[in-house]
Structure formats: C-alpha cells, structure tokens
Amino acid sequence: MRRISVPLWLGLGILALLLLCAAAPQLLWPTDPLAFDFAALTAAPSWAHPFGTDQFGRDMLARTIAASSVDLQIALFSVVFPLMIGTLIGLAVGWYGGWLDAVFGRLVDLVVTFPFLVLVIAIVAVLGPGLVNMYIAVACVGWVAYARLIRGEVMVQRNSDYVAAARVLGYSTARIVFRHILPNALRPVLVYSVTDMALCILLGSSLGYLGLGAQPPTAEWGVLIADGKNFFTTAPWITLFPGVAIVLAGLGFSLAGDGLADLLEVKR
Amino acid sequence: MNRSTWLLLRLLQVIPTFLLIGVAVFVLARLLPGDIVSSMLGERASDAAINRMTHQLGLDRSIGAQMLSFLESVARGRLGDSLAFHVPVLKLIGDRLPVTLLLSGMATLIAVAVAVPMAFVAALTANRWPDLLIRSVFQVGLSSPVFYVGLVLLTVFAGWLRWFPVGGYGDTAGEHLYHLFLPALTLALSFAAVVMRSLRASILQVLTAEYVDFARAKGLRGRVVLFRHVLRNALIATVTLVGLQIGSLLGGAVITESVFAVPGVGRLMVDSIFARDYPVIQALTLVLAVLVSLALLVSDVVQMWLDPRVGR
Amino acid sequence: MNAPLLEVRDLGVVFATPRGAVHAVDGLDFTVGAGEVLGIVGESGSGKSVTLRAIPRLLHANATVSGQVLWRGEDMLALPAERLRRLRGGQVAMVFQEPMSALNPVLPIGQQIDEVLVAHTSLDGRARRARAVELLGLVGIASAAARLAQYPHEFSGGMRQRAMIAIALAAEPALLLADEPTTALDVTIQDQILQLLLRLVDELGMALVLVTHDLGVVAETCDRVAVMYAGRLCETGTVGAVFGGPRHAYTDALLRSMPGTGTARERLVPIPGQPPRIDRPVAGCAFAPRCTHARPVCGTERPRLTDWAEGHASACFAADELGAPLVGAVA
C-alpha cells in the first residue's frame with residue numbers, strides 16, 4: 001500500500017470543506033443567503049460581505065456557500081444513476097459476451113461520435129430545462145462509459161481461477177457475478193466515478209449558466225454566475241467567487257480521483 | 001492487407017456510422033417522453049392545428065415508416081424548416097457552421113501550440129519544479145468551466161483593458177480572427193490541458209523505450225533523438241486522443257459561443273432550445289455527430305501516416 | 001603489450017530506487033585490447049548488461065556511476081557531452097539484446113542507418129545511401145537496396161538483429177559492445193549471428209565485448225573472459241586458462257553445473273540457492289552463502305583480485321584449492 005500523496009490530501013481537504021459548506025452553511029457564515037440588504041446593493045467585498053453583494057444586496061458568500069449543497073447533489077446524482085445502470089449492463093455484456101457484446105461495441109462507437117454536452121443539451125431540450133431532466137439526460141448518455149469499464153473488468157475476471165472454482169462448486173450465475181465478480185470489478189469504476197464527479201460539476205454548472213440546468217431562484221454556482229454576468233465589468237465579484245467555488249470543487253474531485261487511482265494502483 | 005485497402009475500408013466505415021447516427025437522432029427525437037407537437041405549438045393550440053402538425057410531421061404513421069422517411073429525407077439533405085426563422089434548417093446551419101469551424105480550428109491550433117512544448121518541458125523535468133508548475137497550472141485549467149474562463153477573459157481583456165471586442169464576429173477575415181481570438185483562447189484552455197496531460201504521459205513512456213537508448217548509443221544529437229525518435233512516437237497516441245476530444249471541443253464551442261455572442265451553430269443550438277425550434281436542434285445534433293465522426297476519420301488517417309504499422 | 005583500447009577501473013553503478021540504493025556494479029576492473037574479443041558472463045542480475053551500458057554512459061538519471069572508463073587513455077565518464085556523442089556510435093558502437101524494441105518502429109531501416117552516417121561522417125546523400133546498401137550486404141541481408149525503405153516490423157527476427165549490427169557498424173567503430181545479441185533469437189539464427197560477429201571482427205579489425213549468460217558462446221567466440229557475480233568481477237583471463245583451470249569457486253561451480261562435455265550450446269543450469277540481494281553492499285564474498293568451498297573469512301572480508309598467471313586473475317580465498325583442470329572441461 002502506498003502512502004497518501006500530497007495532491008490526494010489536498011483533494012480530500014477541499015472535498016471536506018465542500019461537505020461542511022453543504023451540511024452546515026450557517027456554521028461557516030451565519031448571514032441568510034436570501035436576505036436583501038438594501039443598504040448594500042452591488043457592494044464590493046468588505047468585512048460585512050467578504051464576497052460582496054449582488055444587485056439585490058444578497059450576500060455572495062452566503063449564496064456561494066448555500067449553492068454548494070446543490071452542486072454536490074449534481075455531482076452525486078449525475079454519477080450515481082449512470083453508475084448503477086452502466087454497472088448492470090456492463091455485467092451482462094461482459095458475462096454473456098457474444099452478440100450482446102457486438103451490439104454494445106457498435107453502441108460505444110456511436111456514442112463517441114456525439115459530443116456529450118450536445119447530446120445532453122438535445123435531450124434536455126426535448127424534456128425541458130431543470131435539474132431532474134438534466135439527471136435523466138446525463139444518465140441516458142453517461143452509463144455507456146461505466147458499462148465499458150465494468151465490461152472490461154468482467155472480461156478479465158470471467159476467465160480467472162476463482163470464477164472457475166466457484167463454477168465447479170456449483171454456485172449460481174447470479175451469485176458468482178454479484179458476490180464474486182462485481183466487488184472486484186467495482187474498484188476501478190468507483191475511482192473513475194470520483195474523477196467523473198469533477199466533470200459533472202463542470203457540466204451541471206455550465207447547464208445552469210445556460211439556463212438549462214438548475215433554475216433560479218435555486219442557488220447553484222452556474223446560476224449565480226449567469227445572474228451576475230451583466231455586471232461583469234462593474235461588479236466582477238458577483239461572478240468571480242461562485243466561479244472560484246466551481247474551480248475548487250472540480251480540483252477537489254479530480255485531485256481526489258487521480259490520487260485514489262495512484263493509491264489503489266488502478267490504471268486509467 | 002495493404003495500406004490502401006485499410007484506408008478504403010476505413011473510408012467505407014463512415015457509411016454505416018452515418019446511418020447509425022441518423023437512426024440515433026431519430027430515436028432520440030421520437031422515443032423520449034413528452035409530446036413534441038403540443039410543446040411545439042404551445043398549450044393553447046386547437047385540436048385541428050395539432051392534427052395538422054401531427055400529419056405534417058408524419059407522426060401518424062408507423063415508427064418504422066417514420067424512420068425510413070426520416071433517413072431518406074436526411075440523405076436527400078432535407079432537414080425541414082426552422083420553426084423560428086422559417087428558412088430551411090440546412091441553410092441556417094450552413095451559414096453558421098463556418099464560424100464554429102473557424103473557432104474550433106483556432107482553438108485546436110492554440111491548444112496544440114501550447115500543449116506540445118509544455119508537455120515536453122514537463123516530461124523532461126518530470127517531478128521537478130517546472131513539471132510540477134506546468135501540471136498544477138493545467139490541472140486548474142482542466143477544472144475550470146469554459147463559461148467561467150470565458151467570462152474572466154471577457155472581463156479582463158474586453159471589459160477593462162479593451163484589447164478585444166466584447167463579442168460578435170465582425171465582417172472581414174481579419175475581423176473574424178480578431179473577434180474569435182478570446183473565444184478560441186477560452187476553448188483552448190481545457191483542450192490544451194487534456195492534450196498536455198496525455199502527451200506528457202506518452203513522452204515519459206517513450207523515453208524509457210529501448211529505441212531511444214539505442215538512438216543515444218548511435219551518437220545522435222539530443223535534438224535529433226528528441227524530435228525524430230521521441231516526439232513522433234509520442235504524437236501517435238496523442239493524435240488519437242485529439243480526435244476523440246473533438247466532441248468535447250464542439251460541446252465547449254456551444255458554451256463559448258453563448259458567452260461571447262458568436263454567431264455559430266453552438267449559439268444557434270442554445271437559442272433554438274429556448275425558441276423550441278426542434279427541427280434545428282435535431283439537425284444540429286445530426287450535423288455535429290457527423291462532424292465528430294469525420295474528425296475521427298481524419299485522426300485515423302493521420303495516425304496511419306505517422307505509424308507505418310497501422311493497416312499492415 | 002600496448003595500452004589497451006578500453007580500460008575499466010573500479011567501476012561502480014548504484015541505482016536509486018524507491019526501496020533504497022541498489023549496488024548493481026561494484027569495483028569492477030577489466031581491459032579490452034584492439035581487435036580482442038572479451039566475453040562478460042554471469043547470471044541474470046549479475047550486472048553484466050548494466051556494466052556494458054555504463055561504458056558509453058547510457059544509463060538513466062537514476063543511476064550513479066563511479067570509477068573510470070578509459071577510452072585510449074581518456075575517461076569517458078568525464079567527457080563533455082559533445083565529445084561523448086561523437087564517440088558513441090562512432091568509435092564505440094553498441095548492439096542491443098532485443099532488435100524489435102531497439103529499432104524505432106516508425107522509421108524505415110534506411111533512415112535508421114542514414115542518421116548514424118549523418119552524425120559521424122561527412123558523406124553526401126548519395127554516398128550515404130551507397131554505404132547503407134553496402135552495410136546491409138555486409139551483414140548478409142539480400143536485396144539490400146529494396147530493404148532500405150522497409151520498416152522493422154517487415155523484417156524477421158534474425159534480419160532485424162542483422163540490421164541493428166549494420167547500424168552499429170556504420171561508422172566503422174573500433175569497439176563493438178554487444179549486449180546478449182543472440183538471446184532473443186532462435187537457436188539456428190543465434191549461431192549465424194555469432195558467426196557474423198566473428199567474421200566482422202576479423203575483417204574489420206574491431207574489438208568486441210560480448211555480454212552473455214551462455215558459457216558455450218564464450219568458449220566458441222571469445223579470446224578472454226570476465227566472470228561476474230552480484231555486480232563484482234570474480235575471475236578474468238584467457239578462455240583457455242579460465243575454463244581449463246578456474247581459480248574462483250563460482251566459475252568452478254558454473255562450469256561444473258554444465259552438463260556433458262563440450263556441449264557448447266547449453267544454457268547455464270543455476271547453482272543451488274539464490275543470487276544475493278544487492279540492495280546493500282555485501283561484506284565478504286558475495287558468493288559465500290552458496291559456495292561449497294566457503295571459509296569463515298569469506299563471510300567477513302572481501303577477496304582481492306589476485307594474479308595467478310599472466311592475464312589470469314581471480315578474487316577468491318579458496319583459489320588455492322582450485323585451479324586443477326576440470327575433467328571434460330568446455331575449452
């Protein structure tokens with residue numbers, strides 16, 4: 001077992017901070033994110049409002065902290081559903097192979113020709129903007145990557161000695177697949193899912209910015225930036241700090257993902 | 001199999017790929033939940049209008065017949081009319097596509113021009129400070145959403161310094177380049193990060209190859225070893241990666257064009273969503289997928305040119 | 001005797017690894033005269049290939065090399081980069097073990113020969129091409145002119161090794177360093193390549209250092225031999241003297257472990273026990289734990305290299321017990 005590296009510590013530290021923001025926003029900064037301070041409209045950062053205020057006098061620090069729970073939720077839900085669907089399909093494709101695998105191969109070829117964001121946007125366009133529809137769209141496209149990873153792992157393990165032994169012992173297919181193969185196949189997939197969360201935060205905030213993801217008044221970093229974009233020359237702090245939060249979150253997840261991959265010696 | 005056969009087969013492969021793209025776009029449009037006709041016409045449309053639209057779109061026929069007629073009209077280049085602009089969709093896209101292609105091309109050039117030398121410096125100083133610095137900077141680049149990078153560049157270089165226009169496209173070729181510079185830079189950042197990361201890893205791997213030691217044993221100059229023996233082999237893996245990244249690049253173009261008000265197909269796509277202009281969305285999805293599959297084709301051909309082992 | 005072409009003095013190589021320093025080569029001395037064929041033998045991990053790569057400074061940054069490598073009296077380890085570059089592939093050429101991985105897969109063979117000629121000669125393009133054809137002919141590759149445009153994957157294993165030898169010979173080196181040049185090849189091809197090397201040594205008056213774990217190859221091809229164990233030199237001398245009357249317990253055991261009489265093509269049968277770990281310097285003789293002649297002193301004190309006859313030296317406390325001709329020895 002290798003030592004936990006500096007980038008991994010950094011990534012885990014950032015993620016811990018985000019979790020704290022999401023779990024106990026009042027603890028970090030007690031100001032109400034929805035309270036209007038008419039004495040300080042579009043105010044520059046100060047001791048009272050470290051991140052400044054927006055055009056309604058809402059405290060940007062409180063809003064940025066409040067948004068973290070939505071963005072963490074985006075990271076989680078944009079990964080969990082593709083992960084579950086992809087795992088089940090990947091297990092089936094990897095275990096049975098044959099024509100199922102051939103069809104899956106063509107599907108993978110097809111999916112790489114569609115720009116991920118364009119496909120998600122197209123699906124959201126049909127379903128209508130909003131977070132739930134965004135999760136559906138991401139799940140529709142995202143499962144393929146997970147299924148591909150799981151398939152590869154299952155293919156390797158299917159021919160291993162312990163699977164042969166389990167077969168000789170007369171275990172059922174379901175038991176072999178779920179009790180023996182799945183736990184081994186899942187490790188690289190879970191590591192990948194951490195890196196994927198970084199991409200999902202970027203995707204979710206981008207859709208929020210375009211108006212296709214989280215809808216105002218939900219505080220979400222991309223939405224906050226979209227709110228402030230008309231003031232970008234006069235009050236850049238409105239857009240600056242939520243953006244820094246996105247970059248930090250993205251860094252946190254990708255450092256943690258890369259660090260875990262190194263630590264657990266998972267090849268990427 | 002010789003190389004020209006390989007090339008021919010690879011070229012022929014685009015036919016089933018295009019067909020599958022067409023089927024996928026059709027399935028996407030028809031099988032998703034939600035009633036397209038009523039969302040196109042709005043809540044208060046009359047039954048007669050709905051029936052007329054349903055018939056006009058051919059939605060009253062069987063799914064198989066609809067798919068065939070859809071594929072046929074796509075093959076004939078008939079993608080319908082825009083509901084918002086009342087012009088043929090293809091004309092709408094054709095006018096805007098060159099803008100997006102120019103933007104993506106500029107972004108690719110900038111990304112490669114930055115990433116290749118940086119990857120070399122990083123790989124040759126692996127785990128020492130230049131490498132750590134370069135990797136840290138690109139790691140931040142990789143974690144920055146395109147729209148945010150765009151807004152920051154816009155604020156600083158267009159808003160405060162006024163070196164560049166706030167958006168738009170201009171009228172002459174020179175103006176196009178000038179207007180697209182900031183958007184291309186925005187788009188290039190995350191692209192460069194991906195290329196740098198992959199190329200650095202390839203270079204590190206190639207540096208341990210026996211043929212590099214043998215090249216040194218032959219008494220070649222360091223420059224020759226680096227460019228003839230290391231770079232060329234490291235580029236082979238990177239070319240494939242760049243091809244696969246064209247999809248993300250076009251996705252990024254959608255966002256960048258929205259931030260900088262660039263009149264390309266990306267901005268058209270976002271505008272069409274809010275205008276509920278479904279024929280345009282459908283056609284754009286199709287066109288962008290075809291573009292990506294062509295990019296993959298080009299990267300395969302370039303790889304064949306770089307690597308004599310391909311296709312033998 | 002003239003000054004030797006190559007003189008290696010007290011060569012040491014230490015690799016820095018995550019698990020600590022590894023002493024791959026330790027206090028190695030040997031010489032190579034002009035036109036001479038020296039065999040370096042040892043088991044895998046004995047440091048023989050590392051020694052060979054240390055001579056033209058091909059080891060990577062994780063290796064620290066100490067001692068001296070004198071080329072016609074000049075220390076290659078202290079040579080400025082540009083002088084070293086001219087020596088490499090010019091006067092001192094090298095052939096690697098695996099021609100498949102040592103030849104660049106994306107460059108035609110012709111270019112891989114040509115770049116040596118560009119680096120070391122002032123020939124023009126046409127002359128270089130003629131020379132490349134001549135070189136391929138020299139190493140026995142038929143229809144050489146057509147072969148120049150081909151890539152390594154279009155050559156067979158034996159042909160690739162011939163091509164690599166042609167590359168090494170391009171600038172007419174005075175010394176060829178060959179790192180197990182036949183290990184990756186079929187037995188019949190091995191023989192052809194060895195015969196080729198010997199013929200070239202004769203025709204071109206080149207010296208050859210041949211690293212191998214095959215005693216039969218040494219017996220067949222070499223003038224002198226150096227036996228290595230755990231990064232150290234055990235014994236050196238003419239092939240006749242060393243194989244006829246070994247003065248080191250390891251050489252002795254090595255020769256005895258070979259089955260039959262004069263079966264030159266057998267690989268080494270390992271001696272009981274494992275070669276020592278070299279992640280820390282061994283206090284006494286490295287072979288002592290496996291040695292049937294071991295004495296108390298062998299575990300504590302390092303044996304010095306002692307001359308037994310003109311050009312025959314060994315580092316063994318039990319040398320006086322040895323030296324008798326082996327019954328049915330190889331040479």
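Predicted model: local features only at pLDDT ≥ 70, side-chain atom pairs only at ≥ 80, totals over all residues.
Helices, of at least four residues, and strands, of at least two, are taken here as DSSP runs and numbered from the N terminus.

In chain A, Pro217(A) is found in the loop that runs between helix 8 and helix 9, the latter spanning residues 221-228. The peptide bond joining Pro216(A) and Pro217(A) is cis, with omega at about 10°. In general, most peptide bonds are trans, and most residues other than glycine have a negative phi. An exception in phi occurs in chain C, where Glu180(C), a residue other than glycine, has a positive value near 40°. Glu180(C) belongs to the loop between strand 7 (175-179) and helix 8 (187-204) of chain C.

Within chain A, helix 4 (residues 98-113) packs with helix 6 (residues 131-158) at an angle of about 130°, the two axes being 10 Å apart. The crossing of helix 4 and helix 6 of chain A is left-handed. Helix 4 of chain A contributes Leu107(A), Val108(A) and Val111(A) to the contact, while helix 6 of chain A contributes Val141(A), Val144(A) and Arg148(A). By class, five of these residues are nonpolar, none is polar and one is charged.

Chain B contains 13 helices and zero strands, and its C-alpha atoms fill a box of roughly 85 × 60 × 35 Å along the principal axes. Two helices of chain B fall short of the span of a straight helix. Helix 9 of chain B (residues 173-207) has 35 residues, yet its end C-alpha atoms are only 42 Å apart, whereas a straight helix would reach 51 Å at 1.5 Å a residue. Helix 9 of chain B also has a kink of about 45° at Phe181(B), shortly before the proline Pro183(B). Helix 11 of chain B, with 39 residues, has end C-alpha atoms only 44 Å apart, short of the 57 Å that a straight helix would reach at 1.5 Å a residue. A bend of about 35° is located at Leu231(B) in helix 11 of chain B, and this helix is followed by Ala261(B), whose phi is positive, near 50°.

The contact between chain A and chain B takes 35 residues from chain A and 39 residues from chain B. On the side of chain A that touches chain B, at least two residues are supplied by each of helix 4, helix 5 (116-127), helix 8 (173-210) and helix 10 (237-263) of chain A. Helix 5 of chain A provides the largest share of that side, with 10 residues. The residues of the side of chain A that touches chain B comprise 25 nonpolar, eight polar and two charged.

Chain B is also in contact with chain C, through 19 residues of chain B and 23 residues of chain C. Helix 10 (210-217) and helix 11 (222-260) of chain B each supply at least two residues of the side of chain B that touches chain C, and the largest share of that side, six residues, comes from helix 10 of chain B. In composition, the side of chain B that touches chain C has eight nonpolar, three polar and eight charged residues.

Methods
Residues numbered from 1 in each chain as written. Chains lettered and ligands numbered in written order. Contact = placed C-beta atoms within 7 Å. Nonpolar A, V, L, I, M, F, W, Y, C, P; charged D, E, K, R; others polar. Expected span 1.5 Å × (residues − 1). Bend = angle between axes of the 7 residues up to and from the residue. Axes fitted to C-alpha atoms, helices over the stretch in contact; angles between N-to-C directions. Left-handed = near helix turned anticlockwise from the far one by under 90°.
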